[in-house]
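The report below describes the architecture of one protein chain, moving from its overall layout to individual residues. Please read it alongside the sequence and the structure.

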Amino acid sequence: MISLDNIKSKAETHLRAALAEAPVHRYGRVLWANGEKLRVSGLHAPIGARCLVEQEGGEAAAEIIGFEAESLLLMPEQGTRGIMRGARVRVETTEMAVLTGPSLLGRVLDARGKALDGGPVPEATIPWPMLGNPINPMERARIDTPFDVGVTAINALTTFGRGMRVGLFAGSGVGKTTLLGMLARHSRADVVVLAMIGERGREIREFIEDHLGETLSRVVVVASPADDTPLARVHGAYRAAAIAESFRAQGKHVLLLVDSLTRLAMALREIGLAAGEPPASKGYPPSVFGALSAYAERAGNGGPGQGSITAIHTVLVEGDDHVSDPVADTARAILDGHIVLSRAMAEATIYPPIDICASLSRPMPNLVAKEHLHLSQRFRSLWARKQEKRDIIDLGAYAPGRDPILDEALHRQSAMEALLRQDAEVRIGLDEALIRLRSVFGDEP
């Protein structure tokens, strides 16, 4: 007679054996490819799901970017090369996650999380959603603590707050990379996460070796160079934000540097157009601007018991045009402040070439003392008047005594320029920056 215990034991053994077997997958088929886009039939999955497409030698990762009739539209992470018509496709996961942890510090990763620095595979064990966890805006801490970036012009005249989202606007060859290196080295942050999106391949190694140096031990670099696919470039930016969010949840104060927001927008544009979205401003589909806003919102202060993410997003402006570029215009609207680099100042060898009149920190009035705010406003007023009358002064058409504000600006010109100039290797903190700002007006009785 078979006992109940024997039946239970056999059932348990059978169940364990069934669970140990490979899971059953439902497959679709590739119907056609067009550029970077695949059309797949036979699958049901949401937009954003990660799929695996069979190809010779393995499987290629892809993401669902849209629907068309009864088919799905996919974009492979590494391009369509090597994928055959009729190849099988299966869904791997509907929500992608990033593995994070302290082991990522000092490492250089690609958009897929693989090591680029020749080191061992990072032992990252903390899963974090690639698209992040939304924070209730009423639970976010306010921006009420100054963030010391170690750069005089910023600390003295456009003071950042911990948890700010800032845009760094610059044309090509103005000094953006050097300033980013200064911010990474000199900022008072527990962790620095650097996302290099769409950069030239040689610049990635040069930036790490020339600008980070010993600071690399507290930096996580996520690099997706210009020859990566649009999807990989987007995933690189999202991976960096997810890593920063994970450290913020642990109570760390993080500096997130994204170079650049413009190239992220370009990658989103390629994906949107491939999915069939209509082009709008300068060829950008409307969804791009919504995606940029959502990406910027991932930074900022966390909830109770969490740390902060101070984000600096670089924005490339074509021909130094800061007005008509739609990405630059959107960035100004969604960020808490902006730093503008001036080509004229760079040509005058004032480095870093920060255009004080065009730069702004919206939370600054709530971050600094009244004296500091008054001195910074006075400095900006004098600098603006000098720039406004620059042509008249150069022509020798101005006679002293006609404009008291301009007379004072010319009197203090050398002191003001000395405040703005700073060697890239030298760090100047908030307190010293205020002392230097006072010294500009130190000859007053």
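Helices (H or I, at least four residues) and strands (E, at least two) are taken here as DSSP runs and are numbered from the N terminus. The model is a predicted one, in which local features need pLDDT of at least 70 and side-chain atom pairs count only at pLDDT 80 or more, whereas totals for chains, interfaces and linings use all residues. Residues are numbered from 1 along each chain as its sequence is written, and side-chain values use heavy atoms, with hydrogens and water left out.

**Overall layout**

The chain holds 14 helices and 19 strands, and its C-alpha atoms fill a box of roughly 110 × 50 × 40 Å along the principal axes. Of its 445 residues, 51% count as buried, where buried means under 20% relative accessible area, exposed means over 50%, and partly exposed lies in between (1.4 Å probe, protein chains only). Contact means heavy atoms within 4.5 Å; among contacts between residues at least 6 apart in sequence, 72% join residues at least 24 apart.

**Domains**

Three domains divide the chain, namely domain 1 (21–91), domain 2 (97–370) and domain 3 (372–441), with bounds that come from an automatic or database domain assignment. Between domain 1 and domain 2 the C-alpha centres lie 31 Å apart, and the contact takes ten residues from domain 1 and ten residues from domain 2. About 900 Å² is buried between these two domains, 62% of it given by carbon and sulfur atoms; buried area is the accessible area (1.4 Å probe) that two parts lose on being put together, summed over both. On the side of domain 1, I65, M75 and E77 supply 57% of the area buried against domain 2, more than any other three residues.

**The barrel**

Six strands form a closed barrel in the order 1-2-5-4-3-6, with antiparallel pairing, and the twist from one strand to the next averages 45 degrees. Two strands pair if DSSP finds at least two bridges between them, and axes are lines fitted to C-alpha atoms, for helices over the stretch in contact, with angles that run from 0 to 180 degrees between N-to-C directions.

Strand 1 (residues 27–34) and strand 2 (residues 37–41) run antiparallel and are joined by five bridges; in this pairing N34 stands opposite K37, while W32 stands opposite R39. The two strands form a hairpin with two residues between them, and G35 in the turn has a positive phi of about 65 degrees. On to strand 5, strand 2 makes three bridges in an antiparallel arrangement, with R39 opposite L73 of strand 5. Strand 2 is mostly covered, since four of its five residues are buried.

Helix 6 (residues 261–274) packs on the sheet, where it touches strand 2, strand 4 (58–68) and strand 5 (71–76), and its direction makes about 155 degrees with that of strand 5.

**Loops and backbone details**

Which residues does S187 touch? S187 is found in the loop between helix 3 (176–186) and strand 13 (191–197), and it counts as buried because its relative accessibility is 2%. Residues up to four places away in sequence aside, S187 touches F147, D148, V149, M182, R218 and L255.

The peptide bond from D259 to S260 is cis, with omega near 15 degrees, and S260 is found in the loop between strand 15 (253–259) and helix 6. Another cis peptide bond joins Y351 and P352, with omega about -5 degrees, and P352 lies in the loop between helix 9 (343–347) and strand 19 (360–361).

**Cysteines and a helix residue**

A disulfide is a pair of cysteine sulfur atoms within 2.5 Å, and by this rule the count comes to zero disulfides. C51 is buried, with a relative accessible area of 0%, whereas C357, at 35% relative accessibility, counts as partly exposed.

E209 lies in helix 4 (residues 201–212) and counts as partly exposed because its relative accessibility is 49%. Between E209 and A45 there are 164 residues in sequence and 43 Å in space, C-alpha to C-alpha.
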